[in-house]
Amino acid sequence: MATLLLFCAANGIIFVYRGTAKIRGFQYAGYILFFIVVFGAISIPIQIMHDGLRGFLFSALGRLGLPIINALLFANSVDEEDWNYYFNVLLVRFCCHFLFMNADNLSLSSILSINWSDSEAATESSLAHDFLIMEMLFLAMKQKGKAFICFLFCMLSMKRLSFILAPVAFVLSSRVPKGDVKRVYRVLVMVAIVLSPFVLMWLYRYDVMGWLYSSFGIDLNAEMTGRPTIYHLAISGMSGDFNGYGSINYYLAGYASSHFGTVWNGILHNDTIGIYLETGFLGIASFAFGIVEFSKKNYWHFFMMLYLVFVAITSHILDYFSVWVTFYLAVMCMNVSQEKAMDGSETVDIPEGAVNRKPYLSKR
């Protein structure tokens, strides 16, 4: 976060120095800032009525808002010829991180011992999220060599959904439609996001889980690797008293560590449930609207968003900082490029992958 703050400050200084009259892409950044403001507007009065304002709220809101502010400043302060250069820097950063973290697990014997059917490996890493988003980004830019590198690292990271989607995205990349995403698709996704916490909370009821086990032999808690247990730990421990956005994970982290000495149950593994419990129906509805509308101008961005939303429903992704930095940069650069084209400015079409010139820093 400190590094990103410095990056935002640098891009902000460049933007002011250039004296640009118009901030391009602000409408799209506004979709994300909209639900962040809603989260804050709901959470702050709740905290004031309880124990007073808490630091975890502003930390959580900052982690949501800083990546989109960074993307907005970056897309408006750096020349388009440099955008591709920075995406390359991100790729190198993720690859180096993965190799450093798995230096002892990348021998031939370790790779051959991977259980591909059960998606189990010593190299399993949440960097799979980053690599899948980067793969789709480079496929959108028609840079298949870099996309293939992301694909390989994504497979080694062994997260089940990304493990399946990485080869699918690579094989079907030529079939992705162009143009704005159809409204019917956007509405369907919004409805799915809004309904997701209610469906999951119903499934997590003890009577429903008991019925599933007695009727079909399905142990939902085992199949979902303890997610229902974490949910019940949260609602029983907090007794329904959710103190604004970020309060559930703040509570769980301390409770699980002090009572069980564990970390796996120290975070709610269903982000949309957390949003609903902490900010209510207005919070989950604003999140659904903002994240979908932000991604509506390009099908690749829509697919990136679908992946992130699915992970938010079934696991947790909102607190995974780097993937949002990459996602917002990809979408904002595309949207700013389109706005420049509509204004009649010289532009490089990033999604079509036309950036092959040597990168340079701003000459202005």
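A residue counts as partly exposed when its relative accessible area lies between the buried limit, under 20%, and the exposed limit, over 50%. L53, at 46%, is therefore partly exposed in this predicted model.

**L53 and its surroundings**
- L53 sits in the loop between α2 (26-49) and α3.
- Beyond its neighbours within four places in sequence, L53 is in contact with I44, Q47, I48 and F58.
- The C-alpha atoms of L53 and G244 are 9.7 Å apart in space, although the two residues are 191 residues apart in sequence.

**Helix α3**
- Helix α3 comprises 23 residues, 55-77, and reaches 31 Å from its first C-alpha to its last, close to the 33 Å expected.
- A kink of about 30° occurs in α3 at G65, shortly before the proline P67.

**Salt bridge between K297 and D180**
- K297 and D180 meet through their side chains in a salt bridge of 3.1 Å, N to O.
- K297 belongs to the loop between α14 (271-294) and α15 (299-314), and D180 to the loop between α8 (160-171) and α9 (183-203), so the pair ties together parts that are 117 residues apart in sequence.
- D180 is partly exposed, with 44% relative accessibility.

- E293 forms a salt bridge with R186, their closest N and O atoms being 2.9 Å apart.
- Because E293 lies in helix α14 and R186 in helix α9, this pair ties together parts that are 107 residues apart in sequence.
- E293 also forms a salt bridge with K296, with the closest N and O atoms 3.2 Å apart.
- Shared partners join R186, E293 and K296 into one network.
- E293 is buried at 6% relative accessible area, as are R186 at 11% and K296 at 16%.

Terms used. Residues are numbered from 1 along each chain as its sequence is written. This is a predicted model: local features need pLDDT of at least 70, side-chain atom pairs count only at pLDDT 80 or more; totals for chains, interfaces and linings use all residues. Side-chain values use heavy atoms; hydrogens and water are left out. Helices (H or I, at least four residues) and strands (E, at least two) are DSSP runs, numbered from the N terminus. The expected span of a helix is 1.5 Å times one less than its number of residues. The bend at a residue is the angle between axes fitted to the seven residues ending there and the seven starting there. Buried means under 20% relative accessible area, exposed over 50%, partly exposed in between (1.4 Å probe, protein chains only). Contact means heavy atoms within 4.5 Å. A salt bridge is a side-chain nitrogen of Lys or Arg within 4 Å of a carboxyl oxygen of Asp or Glu.
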